Amino acid sequence: MLAWVTRLDFGAVERTKFVTAASELGRNALVHGRGGTMAIAEVLRDGRAGLQLVFRDQGPGIADIDRAMVDGFSTAKSMGLGLGGARRLVHDFALESLPGQGTTVTVTQWKRR
Ligand SMILES: Nc1ncnc2c1ncn2[C@@H]1O[C@H](COP(=O)(O)OP(=O)(O)O)[C@@H](O)[C@H]1O
Ligand SMILES: [Mg+2]
């Protein structure tokens with residue numbers, strides 16, 4: 001993970017933000033989603049390179065996504081800053097979840113031009 005962000009030559013701040021978001025999303029997949037996978041890919045949009053992570057689990061899913069995104073909301077009596085925090089730390093954030101089927105979170109950080 002660190003090797004990828006280093007290879008793409010993000011700025012130090014963008015790199016730290018992305019790694020922090022990834023750690024929160026990975027933790028969520030483990031703690032709430034009964035484990036899962038992370039796929040990593042280099043992507044291109046309008047000639048700009050970025051790094052995209054897709055976290056996928058087949059856990060219980062999130063019934064109320066808007067509520068789950070609110071800082072301080074947690075069903076695990078923890079900080080509840082993971083999802084909202086991750087969204088603020090990355091350039092692109094997308095969350096799809098179906099109760100009973102699982103959760104997919106896609107985040108992308110774009111390289112400086
Ligand atoms: N992958 C997931 N599968 C199921 N529920 C999730 C997942 N990720 C987050 N959630 C739900 O969203 C809530 C908020 O997540 P988060 O902001 O990371 O806080 P925390 O992990 O501290 O509870 C969690 O308490 C949980 O109910
Ligand atoms: Mg969390």
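**Note on the predicted model**

1. Val-13 is found in helix 2. Helices here are DSSP runs of H or I with at least four residues, strands are DSSP runs of E with at least two, and both are numbered from the N terminus. Val-13 counts as exposed because it has 8 C-beta neighbours inside 10 Å. The cut-offs are these: a residue is buried if 20 or more other C-beta atoms lie within 10 Å of its own, exposed if 12 or fewer, and partly exposed in between, with C-beta atoms placed from the backbone. The C-alpha atoms of Val-13 and Gly-35 are separated by 28 Å. Along the chain, these two residues are 22 residues apart.

2. A word on the model and its numbering. This is a predicted model, in which local features need pLDDT of at least 70 and side-chain atom pairs count only at pLDDT 80 or more, while totals for chains, interfaces and linings use all residues. Residues are numbered from 1 along each chain as its sequence is written, and chains are lettered from A and ligands numbered from 1 in the order in which they are written.

3. Four strands form an open sheet in the order 1-2-4-3, with antiparallel pairing. Two strands pair if DSSP finds at least two bridges between them. Strand 1 (36-45) and strand 3 (92-98) are the edge strands, each pairing on one side only. On average, neighbouring strands of this sheet are turned by 15 degrees against each other, direction ignored. Axes for such angles are lines fitted to C-alpha atoms, and angles run from 0 to 180 degrees between N-to-C directions.

4. Strand 1 and strand 2 (residues 48-57) run antiparallel and are joined by ten bridges. Arg-45 has Arg-48 in strand 2 as its bridge partner. Ile-40 has Leu-53 in strand 2. Strand 1 is hardly covered: one of its ten residues is buried.

5. What is the phi of Asp-46? The value is near 50 degrees, positive in a residue other than glycine. Asp-46 sits in the loop between strand 1 and strand 2. That hairpin has two residues between the strands. Asp-46 is exposed, because 5 other C-beta atoms lie within 10 Å.

6. Lys-77 also deserves a look. Its phi is near 55 degrees, a positive value in a residue other than glycine. Lys-77 lies in the loop between helix 3 and helix 4. With 6 C-beta neighbours inside 10 Å, Lys-77 counts as exposed.

7. Which residues of helix 4 are buried? They are Gly-82, Leu-83 and Ala-86. They cover an arc of only 95 degrees around the axis, so they are on the same side of helix 4. The arc is that of the directions from the helix axis to the C-beta atoms. The buried residues of helix 4 pack against helix 2, helix 3 (65-69), strand 3 and strand 4 (102-110). Contact here requires C-beta atoms, placed from the backbone, within 7 Å.

8. Last, ligand 1. Of the 23 residues around ligand 1, Ala-68, Ser-74, Thr-75, Ser-78 and Gly-82 come nearest. A residue is near a molecule if its C-beta atom, placed from the backbone, lies within 6 Å of it. Helix 2 (12-31) and helix 4 (82-89) each supply at least two residues of this shell. By class, the shell has nine nonpolar, twelve polar and two charged residues. Ala, Val, Leu, Ile, Met, Phe, Trp, Tyr, Cys and Pro count as nonpolar, Asp, Glu, Lys and Arg as charged, and the others, Gly among them, as polar.

Definitions and conventions. Two residues are in contact if their C-beta atoms, placed from the backbone, lie within 7 Å.
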